[in-house]
Every structure is written in C-alpha cells, then in structure tokens.
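Dear colleague,

Please find below the structure that I am handing over to you. My notes on it follow directly after it.

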Amino acid sequence: MRTWRSLCLGLILGTVFIGTVASAQEATEKKPSTRKNVLFLISDDLNTRIGCYGDPLVQTPNIDRLAARGVLFQNAACQYPLCGPSRNSMLCGLYPDTTGIHGNAQIFRDSIPERWSLPQAFRLDGYFAGRVGKLYHYNVPKSVGTNGHDDPASWELELNPAGCDRLIEEPDIFTLREKAFGGTLSWYASPRPDGEHTDGMLAEDASWVLERCAKRNDRPFFLAVGFYRPHTPYVAPKEYFEPYKLEDMPLFDNVEEDVADVPKAALLSHKKEQEKLTDPLRRQAIQAYYASTTFMDAQVGKVLDTLERTGLDKNTIVVFTSDHGYFLGEKGLWQKQALFDKVAGVPLIIAEPGREKGAVATTPVGLVDLYPTLAEMCGVPTQELMHGQSLVPILRDPSQLGRGYSMSMISRNDRQKKQRYYGYSIRTPRYRMTLWDDGDRGMELYDHDKDPEEFTNLAHGDGQQDPEIAAVIRDLKGKLAEEVAKGMPASGKRTEYKVGNWNPMLRVDN
C-alpha cells in the first residue's frame with residue numbers, strides 16, 4: 001500500500017508541485033531563492049499542557065526543542081475556541097464577526113469571497129503554497145483523507161492521507177456515545193506503528209514535500225502541515241500511553257465550589273454524555289489525550305528533522321500553534337467552546353532562521369496576529385484590512401508590550417427564547433474579563449497575578465462594589481468595546497453567513 005501511495009505521490013509532486021513543466025537542466029539553471037520560507041505547523045485541540053509551557057507530566061521534546069530556538073508566546077489566544085471559526089479567523093487575519101464564521105462546516109468564500117487567505121497571499125506573491133492535512137475545518141474523523149471544508153485557492157498542492165485510525169480502527173475505539181468519535185470523548189491505544197496512522201503519514205508526506213523544495217530551491221515555499229491529534233478520538237500507538245500511569249493523571253476536586261461564582265453562560269459547553277465519566281474513565285481520557293499529544297509531537301520532530309537535514313532550516317520561519325485550547329475536567333468541563341484561559345489560550349512558537357537561543361514573550365497576542373506577522377517577515381503584500389497586529393517588534397524584543405491585550409469570543413443559543421447571544425473576553429497581562437450578552441447574562445474577572453487558574457471571579461456578587469475592582473472593570477470594558485467595534489464590518493453588523501454556490505477564486509480583480 002505504501003509503495004503504491006509513494007509512487008502516486010511522486011507523480012503528483014512531479015507534475016503539480018511547481019505548476020510549470022521544466023526540465024531538470026532548466027531547473028538547475030535557475031538561481032536559488034533568497035526569500036524566507038514558511039513552515040506552518042498546527043495541531044488540533046492542543047492546550048498548553050506541554051513541556052515548554054511548564055507541564056511536569058506531558059512529554060513534548062520536539063516542540064520543546066523548537067521553543068529552545070524560537071520565541072514562545074506565553075499568553076497567546078485564539079479568537080474563537082471552536083475549530084472552524086478559529087481557523088478561518090487565523091487564516092483570514094480577521095475577527096469572526098467580520099468573517100461571518102461562527103460555526104463549523106462553514107467556508108469563508110460564502111461570506112467574504114474577496115478575501116485573500118494567508119497562504120493565498122503568499123501564493124499570489126510567487127510562493128509555492130502547499131498543504132498536508134488539516135488547515136481549515138474538517139469533520140474529524142469522518143473527513144480525514146479528504147479536503148474537508150478547505151479553500152482550493154489557498155494551495156497549489158493538497159495532500160490528504162488517511163491512516164489506520166480512520167480506515168481500520170474505529171470499531172475498536174471506546175466512546176461515551178455509541179458510534180460517535182469526533183465531538184465526544186473517545187480513545188484507543190493502537191497496536192499499529194506511527195507510520196500507519198494519519199499523523200504519521202502527514203509527517204512523511206511533509207518530509208517528501210520539503211525534500212522537493214530543497215531540490216527545486218528557485219522558489220520560496222509556504223508549507224502548512226495540519227496534524228489531527230490530539231483531537232478526539234484520542235488514538236495513538238500504545239507505546240505513547242505507557243509513560244502516563246493512570247494513577248498519575250490529575251483530577252480536579254471541589255468543582256461545585258469552583259463554579260459557584262461563574263455565570264451559567266460560561267459553563268454551557270458541558271455535554272450530557274460527560275456525566276457518564278467516572279474517576280477511572282476520567283483518568284483514561286486524560287492519559288489518552290497526553291499520549292496523543294506526545295505522538296503528535298513525535299511527528300513534528302520528524303518534519304523538523306527533515307527541515308534540518310535538507311538545510312532548509314537556515315532560511316525557513318517555523319510556526320507551531322493550535323486552533324484553540326482544551327479543558328480536561330477543569331470546572332467540570334471537557335473539550336472546547338469556553339472562554340476560560342485554558343480553552344481560549346493556545347501554544348504559539350515562532351522560530352526564525354538565525355535565532356539560536358529561545359526567548360519568552362509574556363504579552364497577550366492572538367492567532368489573528370499571525371497573518372500580518374508572516375507577511376511582514378517575508379515581504380508579502382496583503383489586503384489593507386487586518387485585525388491583527390504584527391508580532392515582528394516582539395520577535396525582535398520579547399519584552400515589548402505590543403497591543404497589550406487579546407480578544408476572544410463565542411456564541412451561545414438561548415433555546416427557550418430562540419435567541420443567539422455572545423460572550424466576549426479580553427485578556428491583558430494581568431486580567432481576563434468576560435462579558436456575556438454585554439454583561440446582561442453575567443461577567444467574569446480574574447486576576448492572573450494572584451489567581452492563574454481562574455478560581456475566583458472578582459466580578460461576582462458584591463465584588464464590583466470594590467473601588468479598585470470597579471476601576472479595572474471600567475478600563476477593560478472600554479478596551480473590549482473598542483476591539484469588538486474594530487472587529488465589526490463597516491456596517492456595524494456582523495457579517496451574515498449564507499450558503500451559496502461559491503467558486504474557488506485565486507485572484508479577485510476590483
């Protein structure tokens with residue numbers, strides 16, 4: 001199977017990759033490109049429980065070694081803690097209120113068809129833009145092996161491997177809800193090796209593309225590699241489970257006491273099926289999540305090894321991140337769609353060629369900042385509207401404050417009133433404040449200097465009567481209102497998502 005697949009991939013790379021028909025002699029006559037390349041690595045549903053972010057249990061040696069030579073952003077956040085809205089916001093450089101994407105299975109070409117995506121901007125400027133795996137939203141695991149809800153104009157090459165975790169093992173996976181794997185907690189310790197799993201195949205495919213890039217180095221590249229793990233189902237080879245002993249898996253006590261001061265809207269990501277979780281099942285779920293994380297890290301390592309072996313690391317910017325964070329039982333919640341720091345927060349590392357020693361930036365930043373940052377670093381023209389800031393000044397001096405805050409949002413449905421409302425959250429170096437339905441359905445304020453785990457909501461009850469807390473709330477409300485307004489279209493109303501018969505558009509001429 002692998003031999004036939006390798007042959008097919010070789011044919012694809014030989015005919016599609018460059019986009020032109022050129023002989024080997026003609027290729028060698030072209031001058032090597034001096035422009036910086038981009039290797040964009042993204043995991044799925046990964047929180048900051050990894051080694052370089054200080055977790056004492058989770059083993060991520062390859063992400064750690066990238067951090068050791070790059071800038072680690074300690075307080076990075078997604079703009080919407082759900083796969084589709086987060087990824088579209090990141091790849092469009094716009095807040096979700098402008099993209100119109102507030103749910104999964106939505107495509108930004110239906111709402112803002114004229115927008116250049118991040119890889120499309122690079123492609124329009126002469127870069128080879130390729131994708132291996134998941135960058136836009138996919139229904140995981142059902143869409144694994146397909147293009148999912150992808151954007152064809154963003155890429156010249158799209159590779160969609162499907163491994164044993166998708167094609168063979170689903171009948172063996174434990175799940176809280178029968179025959180459901182992607183949206184519910186589910187896991188499996190596989191007897192099959194790395195190379196037979198989808199993420200293992202992704203790493204191999206990415207290595208093939210990098211090797212081709214090294215041979216045909218007359219053209220810069222933007223290569224995006226989207227790993228599926230640790231997204232549910234938490235499937236990984238069984239050897240990755242072994243370092244994590246069930247008795248060592250952390251459980252969270254005093255949940256009822258912890259959430260007593262939290263607005264109801266903040267806890268609506270809870271799923272009924274999660275009430276089936278006993279303590280042994282909780283430990284198994286966390287073990288499987290950790291195992292999937294370490295398995296994914298091993299595949300990152302294989303791609304980084306190829307980058308170094310081919311010499312491409314000397315001229316390639318490497319980004320590693322995730323689409324959002326993830327709860328593993330904190331506050332009685334699991335998975336995503338919440339606005340606490342563990343869910344809105346994401347790992348983010350940017351490693352530039354030439355930087356030999358890692359650094360940590362503590363100022364809050366967002367995934368929406370990656371588009372203007374990478375465009376500036378590579379001299380790629382973009383459209384005028386950008387909601388993110390360039391992180392280049394912070395990369396040069398990690399002590400710089402930059403904008404000084406990030407904003408995240410989520411939507412909720414009031415089924416009784418048949419209304420949709422929104423939560424908006426602002427994160428500064430010290431505080432996180434969240435307003436639900438403009439505060440009508442509750443407010444949260446956490447002091448991260450004193451309460452990094454967000455146990456105490458300072459805005460609860462009589463807390464707002466304290467003059468110091470009241471002053472903080474007034475200041476943060478003003479900043480948040482400005483940022484929400486900035487994220488709205490010129491009309492002042494959210495972009496509406498309408499399903500249409502969109503066409504892939506590489507370039508839009510005004």
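I begin with D323 and R87, which form a salt bridge with their closest N and O atoms 3.0 Å apart. A salt bridge here is a side-chain nitrogen of Lys or Arg within 4 Å of a carboxyl oxygen of Asp or Glu. D323 lies in the loop between β10 (316–322) and β11 (327–328) and R87 in helix α4 (residues 83–92), so the pair ties together parts that are 236 residues apart in sequence. D323 and R87 are each buried. Salt bridges with shared partners join D44, R87, K134 and D323 into one network.

Some notes on conventions are needed at this point. The model is a predicted one, in which local features need pLDDT of at least 70 and side-chain atom pairs count only at pLDDT 80 or more, whereas totals for chains, interfaces and linings use all residues. Residues are numbered from 1 along each chain as its sequence is written, and side-chain values use heavy atoms, with hydrogens and water left out. Helices (H or I, at least four residues) and strands (E, at least two) are DSSP runs, numbered from the N terminus. Buried means under 20% relative accessible area, exposed over 50%, and partly exposed in between (1.4 Å probe, protein chains only).

Further salt bridges

The structure holds 37 salt bridges. One of them joins K336 to D45, with 3.0 Å between the closest N and O atoms. K336 is in the loop between β12 (334–335) and α12, and D45 is in the loop between β1 (37–43) and α3 (61–67), so this pair ties together parts that are 291 residues apart in sequence. K336 and D45 are both buried.

R65 and D305 also meet through their side chains in a salt bridge (2.7 Å, N to O). This pair links distant parts of the chain, with R65 in helix α3 and D305 in helix α11 (residues 279–309), 240 residues apart. R65 is partly exposed at a relative accessible area of 27%, and D305 counts as partly exposed at 39% relative accessibility.

Pockets and the cavity

Rolling a probe the size of a water molecule over the atoms shows where empty space is left. The search uses a 1 Å grid over the protein atoms alone: a cavity is a set of points where a 1.4 Å probe fits but cannot get out, a pocket is an open set with protein on both sides within 12 Å along at least five of seven lines, and lining residues have an atom within 4 Å of a point. Grid points are joined across faces, edges and corners, and a volume is the space filled by probe spheres set on the points.

The largest pocket has a volume of about 640 Å³. It is lined by 20 residues, of which L268, S411, R412, N413 and R415 are the closest to its centre. Strands β17 (406–414) and β18 (419–427) each supply at least two residues of this lining, and β17 gives the largest share, four residues. For classes, Ala, Val, Leu, Ile, Met, Phe, Trp, Tyr, Cys and Pro count as nonpolar, Asp, Glu, Lys and Arg as charged, and the others, Gly among them, as polar. The lining of the largest pocket has five nonpolar, eight polar and seven charged residues.

The second largest pocket holds about 550 Å³ of space. Of its 25 lining residues, T48, Y53, D341, K342 and E453 are the closest to the centre. Two or more residues of this lining come from each of β3 (76–77), α12 (341–344) and β13 (345–346). By class, the lining of the second largest pocket divides into ten nonpolar, seven polar and eight charged residues.

There is one cavity of 30 Å³ or more, and the largest cavity has a volume of about 30 Å³. Its lining consists of V140, P141, V144, D165, R166, R229 and P233, that is, four nonpolar, no polar and three charged residues.

A covered helix

Helix α13 (residues 370–378) is mostly covered, with eight of its nine residues buried. Among these buried residues are L370, Y371, P372 and C378. After α13 comes G379, which has a positive phi, near 65 degrees.

With kind regards
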